[in-house]
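Dear colleague,

Please find below the structure that I am handing over to you.

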Amino acid sequence: MTNEIVYDATVGRPLLDDAKMSMRGVNVFYADKQAIHSVDLDIGKNQVIALIGPSGCGKSTFLRSLNRMNDTIDICRVEGHLMLEGQDIYDPKLDVVPLRARVGMVFQKPNPFPKSIYDNVAYGPRIHGLASRRIDLDEIVESSLQKAGLWNEVKDRLHAPGTGLSGGQQQRLCIARTIAVSPEVILMDEPCSALDPIATAKVEELIAELSQNITIAIVTHSMQQAARVSERTAYFHMGHLVEVNDTEKVFTNPEHPLTEAYITGRFG
Amino acid sequence: MKTIDLVNKNLAKRYRKEKLFRAYGLASIGFGLLCLVLLFSDIIGKGYKAFVQTNIQIEVNFDAGYLGITDTTNTEQMFAANFEGLVKKSLREMFLIKKRSDKRLAYSLVSTDSGYQLHDLLVANPAWLGTTKKVWLLADDDLDTYYKSVDNLNGAFTGRMQEQQLVWIKNLLDNDALQLQFNMNFFNLGDSTEPELAGIRAALMGSLFTLMVTMVLSFPVGVAAAIYLEEYAPRNRFTDIIEVNINNLAAVPSIIFGLLGAAIFLGFFGMHRSLPLVGGLVLTLMTLPTIIITSRAAIKAVPPSIREAAMSIGASKMQVVLHHVLPLAMPGMLTGAIIGLAQALGETAPLLLIGMVAFIVDIPSGVTDPATALPVQIYLWSDRPERSFAELTSAAIMVLLGVLIVMNALAVLLRKKLERRW
Amino acid sequence: MDKLHLDQHISKQFNADLEELKTQMLEMGGVVEQQIIDAVKAIETADGALADKVLRVENDVDNREMKLDEHCTLILARRQPAASDLRMVLAVAKTNRDLERMGDEAHKIAKMAIALNEQGGAPGGYTELRHIGSGVQKMVNMALDAFARYDVEAALQVVQEDKNIDREYESAMREMMTYMMEDPRSIKRVMNVIWALRSLERIGDHARNVAEHIIYLVKGLDVRHVSVSEVEKQLNGS
């Protein structure tokens, strides 16, 4: 049945009334190859949306186009309207530096800077000039680490290298570094794929807490994780957005046969 | 037959091959080490004697009347005094010489510089005026060669020595009037036609000034070029051509750079010949490709995740480069630069073409003083007929190698200090 | 046609697990169905031996229930099924419970049969027992069949059929009341028949539950506590 692939419009509810980010007719190309085919999708304010799909389905590409991380790839071209609160993020006049301060990103592999824990978190506020006095900076660092649930583990060794932490701690350090610049949206590209289950649980707990006032889009290969952390789930297949629905619906009764086949492990 | 039996059957053969494979590697390293040991033992064996010099003890009467000096602080008197005559007089008295032909032979036992040595001694010890003192004077290179080889099994090397001189030397040896002393001249003086007065200092300083110019110019330029090419330049035909050309430049024979330097800096800009400045410029041209290539490799080796991390919290391109890429790439860049500079230090050909092959006696004190360089000095000395120069050549090679080792040690130190784990 | 594609997982072991789950459940269903037939027959023909057999089978049914539950738990723990797989496991688990209850009810009917045997026959109600008994048995059979084929239409029929059973139960009750009023001495025996009828009606309800599980399994719709017409509307709407 997976042979009869029909890419009509996305099924489910891709559009929302109170969207933080709304994407319309997004096409992404790598040179001549089209990686994303006319995607319409809204991301709700302070919601967690999970992007799932098989490898190479374009979910990471789509995620990276949301804060223009694809700009660094010369051959990558993005078409369509990508709006952050009504502002076109691909507007040539838009400055990408403040955009990335508003839309932060956490990566698959924990990538702390080879600096101290303190400097890792303080880096963002420093370059953006968020704290004029040392004491303000200390406060930002402390509250960011607190929010990332790392403060108690590292408060006695703030000046130890960030790379000396365990994998899960490193990932939470990266999240602390991201939230130190108070982003409105955080994009997470498989943030737990390199972590053990306990570290994963901590990060998931963190996602739930952060989503109270931050909008989060998370790409994950773990269906269970998508089911656990997200409110809405979007299923990508071969560059098409096949289905978007409430997570509960997607994981009990998906509308599209492709979604069903993917989440029940029936791809042959 | 079971699979495991087949495996066991072939096991011995596989282990034999494995051992052979390892033996090849060991043999290669052994060969390399052997060559190195041969090279070093040859150079050191030949050159270590150059660090000492033969001195002759002579009784000198600092006769104030003869010298016409009343006050040793009076430079005019000191300058006018005939110290050379005093040396000769002392020699005549010492060897009890009557014959005119013997006089010349006796005089040639000491260095041509002996008069100045007496002058310096008297300046240092004003009280000696009017007294008779035994002083050590520098021996001539022929005597030096003879004395250094006097203990050889197959007899001392006599060279141009005359019968009469050998008799005197025998006499001197019996009186313990010959002695080896540390060769200060080698480190303090410039070039000379007399081996006992020839030193490495002019060449060493020339090399250091040249290298300084090269470093100051090539490192920033090379790093800047590498950063631009890696981080900013778009990928297109034009940058491809640049890249290919940089790689080609690294393979261009150095003499071509010499010709280029001669044409541009001497011909077009009309700079003077033999200047460390010009030498540095030429070597900069030669070193740049190496530095650019190694710096680009160092930049490429910075994990992209660090770049992404910085970018994702809103660092601008320049901040990404200055705060993250450059510090992480710096050890690699420095290593590349030092390799490039070490290469430049050993380079002779381009320097010959811009005139750094001149006979330089005065120690250069800046980049605009005529100078020569260590490898050029080695090349020049290796060409001289006097036997002592062979020793000096080896000694100069040792100095060159010493400088290289210091540079490499510096590179390792800098790496250790700057390297950061990620 | 297997619309759920439960046999198309990448993991062949998972396919086999789900298949095994279904087979176990249907086997149990078969046992329970036979139990119902036997119980009804035992009460009808006053066959004490047959009633005893029904009582004995009850243990077997209980064991099967526990085994099936364990199997469901194992699949949940091991595979963390989602979507149709999840619905399958849940439907089986719930159906399992309903089947076990059906077994319990059959057990009660058999007890009534033994009681009637000892006390002498009831003045009437046997026709109703037979009628409702066969209707209920048909429902159970249809529900199991629908489960085997994931047939929503058939499941819907079962749901509708339950209404008829309820109606017939009402009228049988009224008749039993007349018997009791006519001859108060027979009340004890009539009560036995009433209990049996009541059990049959309960079995019908459980069969309806099974049918609802099938609809949930196939369509992902929860149609419990919803009227039949509403169920049909939802099914056609989806």
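This is a predicted model: local features need pLDDT of at least 70, side-chain atom pairs count only at pLDDT 80 or more; totals for chains, interfaces and linings use all residues.

Sheet in chain A. Seven strands form an open sheet with mixed pairing, in the order β1-β11-β10-β4-β9-β8-β7 (chain A). Its edge strands are β1 (11-12) and β7 (103-106) of chain A, each of which pairs on one side only. Strand β7(A) runs parallel to β8 (residues 185-189) of chain A, and 4 bridges join the two; A:V103 has A:V185 in β8(A) as its bridge partner. Helix α6 (residues 167-179) of chain A packs on the sheet and touches both β7 and β8 of chain A. The direction of α6 makes about 170° with that of β7(A).

Helix pair in chain B. Helices α15 (residues 317-345) and α18 (residues 387-418) of chain B pack with their axes 9 Å apart, at an angle of about 175°. Because angles over 145 degrees count as such, α15(B) is roughly antiparallel to α18(B). The residues that meet include B:M330, B:L334 and B:I338 from α15(B), and B:V403, B:M407 and B:L414 from α18(B). By class, this contact has 14 nonpolar, 2 polar and 1 charged residues.

Contact between chains A and C. Each chain contributes to this contact, with 14 residues from chain A and 14 residues from chain C. On the chain A side, the elements giving two or more residues are α8 (223-229), α9 (247-252) and α10 (257-263). The residues of that side divide into 6 nonpolar, 6 polar and 2 charged.

Nonpolar cores. The largest nonpolar core holds 218 residues, of which C:A143 and C:I214 touch the most other members. Beyond its neighbours within four places in sequence, C:I214 is in contact with C:A91, C:A146, C:F147, C:Y150, C:V152 and C:A155. A second, separate core of 27 residues includes B:L67, B:L109, B:V135 and B:W168.

Backbone angles. Most residues other than glycine have a negative phi. A:E85, however, has a positive phi of about 50°, and lies in the loop between β5 (76-84) and β6 (87-88) of chain A. A:E85 counts as partly exposed because 13 C-beta neighbours lie inside 10 Å. B:D176 also has a positive phi, near 55°, and is found in the loop between α8 (163-174) and β3 (178-182) of chain B. With 8 other C-beta atoms within 10 Å, B:D176 is exposed.

With kind regards

Note on methods:
Residues are numbered from 1 along each chain as its sequence is written. Chains are lettered from A and ligands numbered from 1 in the order in which they are written. Axes are lines fitted to C-alpha atoms, for helices over the stretch in contact, and angles run from 0 to 180 degrees between N-to-C directions. Angles under 35 degrees count as roughly parallel, over 145 as roughly antiparallel, 65 to 115 as roughly perpendicular and the rest as oblique. Two residues are in contact if their C-beta atoms, placed from the backbone, lie within 7 Å. Ala, Val, Leu, Ile, Met, Phe, Trp, Tyr, Cys and Pro count as nonpolar, Asp, Glu, Lys and Arg as charged, and the others, Gly among them, as polar. Two strands pair if DSSP finds at least two bridges between them. A nonpolar core is a set of buried Ala, Val, Leu, Ile, Met, Phe, Trp, Tyr and Cys residues joined through C-beta atoms within 7 Å. A residue is buried if 20 or more other C-beta atoms lie within 10 Å of its own, exposed if 12 or fewer, and partly exposed in between; C-beta atoms are placed from the backbone.
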